[in-house]
Amino acid sequence: MGIYVKVVKLGGPMKLPRHSMKYGREDFNTKGTCEEGRMSCKEKVRIVQKLMPNFCKDVSEEIECARGKLAQMKDRSVGIIMKRALLDCGRVLSWGSNSEDDGMGDLGSGEVTTRVEELDVVIEFIWEQLNTGHWKQVPEVWRKLYAYATLFKVILLLAGDVPTSEVIKVCDLGLLLGAPILNNIMSKIAFRLHVSQNASLDLGAADARLVRERHLGESSFVEGKQRESVLRNQFPSRFQLGELLRPSIETFVQEYFLPQKPVLLRGVIEHWSAMQKWNVDYIKQRAGSRTVPIEIGSKYTSEEWTQKLVTMDDFIDNYVLASSVAERSKGYLAQHQLFLQIPELLQDLGIPEYCYVGNDEDIEINAWFGPAGTVSPTHYDPKHNLLTQIFGEKIIRLFPPSEWNKLYPHDSESMLFNTSQIDVEDPNFSTEFPNSARAKYADVVLEPGTVLYMPPKWAHFVKSLSPSFSVSFWFQ
């Protein structure tokens, strides 16, 4: 697990489709009344106004700094449009905080439409800069400008009769491609808007348990010895992986972390509220309208593999819970920093204390969510990994670093340098790759509430046995 960053970011940012949304003047109702059954425009604007009471002051310095850098790049027009949009957004937010004013003063619906159209041009232009060259070589100013341009667009769209779901999509695009700004303001806006259109967001404890039981009852878990048959290729070189119940930090460090030995941990995350509340229904309620990147295809080494943006609702309905999905169209939300995009979900989790035994306090947290049958081909990661299982089950085959050359890795100059050419599910793979049959390995089933510690360079193959949600914690 780990190729997602390597595939996407080493070659540049994700080649996302353009999502400029065009609106006509009829979409902007500056009298503050939206379609019946939805929040009024003014109520939606107030959500942002309360989150950013000092909007102009907080943003103007950043925009001026960006304009200076753009001037050096001879891109003055972008800075001019951004400055004008900033002033207009300030007027919109001022309107939202004024209970007596039913209109936006001299900022009429026609002018709002024009500003949104101008911002679409700017967003499209910045998108081109983000998708030019190597990701690490893209100046930070472009990512910040993308974030601010989408923030401005969000504020202007809230003033018009535009569906909340479309505004949330703009927020998520800003989060996915832009740099973090204003204490993660885009995430806060998106979450508040999502809550506003989901009256039954918070399930009571009893309801949550019932939903969980219903979901688990419908899952196609693989029981007992049948789990082992998922990986039919068994060889004499197999060894047994150790298991521990809530080991002390000292035991973990001395016996596993320092020697770099994997181990299955129990009793470590059972107190997390996610273990009681999380299931497919809960994820839909918490994040259904949010836009996320998913992988499409049987595995990332397949020729038909690709990526796309979908809402969490669409992903769950069309991939996670779909009764029959072709292998080539299997969907997987893999190695996504979902908890930076939706920090509220992180409140249901914790950070295992074992993550802090490393040399760096920077812990990367990724979500892995998908239907039964999703696969991560045999590969290794450069960091320590605590893989936690929230719901569903996965089977994992582990190989020590000493066995890597027996796994026939791709060429060291390839983007798949950390990935084996072997398909461990192919019953004939040892014929094509004869040395692989001598590779030492261990098989382990990751059940809800268990945690697998995988040291750096331990190769691993992963397959979901049921609809599954895992959270990985990478540390050094």
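**Stop 1: H4 and H6.** Select helix H4 (residues 76-97) and helix H6 (residues 140-158), which pack at an angle of about 35° with their axes 9 Å apart. Axes are lines fitted to C-alpha atoms, for helices over the stretch in contact, and angles run from 0 to 180 degrees between N-to-C directions. Helices (H or I, at least four residues) and strands (E, at least two) are DSSP runs, numbered from the N terminus. This is a predicted model, where local features need pLDDT of at least 70 and side-chain atom pairs pLDDT 80 or more, while totals for chains, interfaces and linings use all residues. Residues are numbered from 1 along each chain as its sequence is written, and side-chain values use heavy atoms, without hydrogens and water.

Now show the contact residues (contact means heavy atoms within 4.5 Å). On H4 they include Met82, Ala85, Leu86, Asp88 and Cys89; on H6, Tyr148, Ala149 and Phe152 are among them. This contact has 13 nonpolar residues, no polar and one charged. Ala, Val, Leu, Ile, Met, Phe, Trp, Tyr, Cys and Pro count as nonpolar, Asp, Glu, Lys and Arg as charged, the others, Gly among them, as polar.

**Stop 2: Phe152.** Centre on Phe152. Leaving out residues up to four places away in sequence, Phe152 touches Phe55, Val59, Ile63, Met82, Ala85, Leu86, Cys89 and Leu119.

**Stop 3: the cores.** A nonpolar core is a set of buried Ala, Val, Leu, Ile, Met, Phe, Trp, Tyr and Cys residues joined through side-chain atoms within 4.5 Å. Buried means under 20% relative accessible area, exposed over 50%, partly exposed in between (1.4 Å probe, protein chains only). The largest core has 56 residues, of which Phe55, Met82, Leu151 and Phe152 touch the most other members. H6 gives the largest share of this core, 14 residues. Then select Val263, Val292, Tyr354 and Ile363, which belong to a second, separate core of 48 residues.

**Stop 4: H2 and H8.** Select helix H2 (41-51) and helix H8 (185-196). They pack at an angle of about 145°, with axes 10 Å apart, in a right-handed crossing. Ile47, Val48 and Leu51 of H2 meet Ile185, Lys188, Ile189, Arg192 and Leu193 of H8. Buried residues of H2 include Lys42, Lys44 and Gln49.

**Last stop: the whole protein.** Zoom out. The protein has 17 helices and 13 strands. Of its 476 residues, 55% count as buried.

Conventions: A crossing is left-handed if the near helix is turned anticlockwise from the far one by less than a right angle, and right-handed if clockwise.
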